[in-house]
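Hello,

Here is the structure for you to look over.

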Protein chains: 2
Amino acid sequence: MKNKFKTRIKELRARHDLTQEQLADIVGVRRETIGHVEHGKYNLSLLLAHRIAQALESSIEEVFIFEEEN
Amino acid sequence: MKNKFKTRIKELRARHDLTQEQLADIVGVRRETIGHVEHGKYNLSLLLAHRIAQALESSIEEVFIFEEEN
DNA sequence: TCAATATGTTATATATAATTAACATTGCGT
DNA sequence: ACGCAATGTTAATTATATATAACATATTGA
């Protein structure tokens with residue numbers, strides 16, 4: 001599991017006028033979890049990624065930018 | 001984290017002529033892990049989902065079918 | 001400036017993904 | 001029918017995502 005990713009959560013949150021806490025409530029996790037995900041500290045689960053993308057009206061690929069190694 | 005998902009891994013594996021073990025090798029996990037994911041036993045990580053999708057030349061959304069609850 | 005709200009951050013605890021190993025079953029080729 | 005490769009499955013262990021709590025640092029508005 002070498003590669004990493006960046007996220008556009010912060011940007012999309014702003015566009016939707018959502019605080020970390022509001023987004024956390026919507027997707028059913030804690031505020032800190034959203035913060036950690038935004039800062040790339042967690043390799044979050046697929047379901048959480050999906051629910052975040054959903055809440056931000058985007059696809060997973062739009063929210064999470066994967067850095068290819070090759 | 002209520003919702004679940006189905007996967008098209010088995011079908012896509014067949015199309016790409018890959019055994020569970022070959023796919024596991026490519027994405028860097030164990031054969032059993034692929035099996036468990038195929039059968040929906042794990043809520044796998046986003047990175048693993050991405051690597052599986054990549055190996056199957058598909059997007060995450062094509063490989064993993066999310067069941068909405070509402 | 002003060003208070004309130006949002007975010008950063010860290011330590012510890014808990015839930016669960018993923019590993020490992022072992023054995024069972026299924027299917028396919030010869 | 002036999003043997004082998006692929007897959008199913010389960011139990012125990014390890015690694016790590018997420019929860020929880022606590023406090024610190026912005027930032028914004030009255």
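**The interface between the chains**

Between chain A and chain B, 8 residue pairs are in polar contact, both residues at pLDDT 80 or more. A polar contact here is a pair of N or O atoms within 3.5 Å; within protein, one must be able to donate a hydrogen and the other to accept it, and residues adjacent in sequence count only if both atoms are side-chain atoms. Four elements of chain A each supply at least two residues to the side that touches chain B: β1 (4–7), α4 (46–55), α5 (60–63) and β2 (64–67). The largest share of that side, 7 residues, comes from α4(A). Its residues split into 12 nonpolar, 6 polar and 6 charged. For these classes, Ala, Val, Leu, Ile, Met, Phe, Trp, Tyr, Cys and Pro count as nonpolar, Asp, Glu, Lys and Arg as charged, and the others, Gly among them, as polar.

The model is predicted: local features need pLDDT of at least 70, side-chain atom pairs count only at pLDDT 80 or more, and totals for chains, interfaces and linings use all residues. Residues are numbered from 1 along each chain as its sequence is written, chains are lettered from A and ligands numbered from 1 in the order written, and side-chain values use heavy atoms, with hydrogens and water left out.

Chain A and chain B each bring 24 residues to the contact (heavy atoms within 4.5 Å). They bury about 2,000 Å² between them, 61% of it on carbon and sulfur atoms. That area is the accessible area (1.4 Å probe) lost on putting the two parts together, summed over both.

**Salt bridges**

How many salt bridges cross the interface of chain A and chain B? The rule finds 0. It asks for a side-chain nitrogen of Lys or Arg within 4 Å of a carboxyl oxygen of Asp or Glu. Over all chains the count is 12. One of them joins A:Glu67 and A:Lys6, at 3.9 Å from N to O. A:Glu67 lies in β2 of chain A and A:Lys6 in β1 of chain A, so the pair ties together parts 61 residues apart in sequence. Helices (H or I, at least four residues) and strands (E, at least two) are DSSP runs, numbered from the N terminus.

**Helix packing**

In chain A, α2 (residues 20–27) packs on α3 (residues 31–38) at about 105°, axes 8 Å apart. The two are therefore roughly perpendicular (65 to 115 degrees). Axes are lines fitted to C-alpha atoms, for helices over the stretch in contact, and angles run from 0 to 180 degrees between N-to-C directions. In chain B, α2 and α3 also pack at about 105°, with axes 8 Å apart.

Best wishes

Definitions and conventions
Angles under 35 degrees count as roughly parallel, over 145 as roughly antiparallel, 65 to 115 as roughly perpendicular and the rest as oblique.
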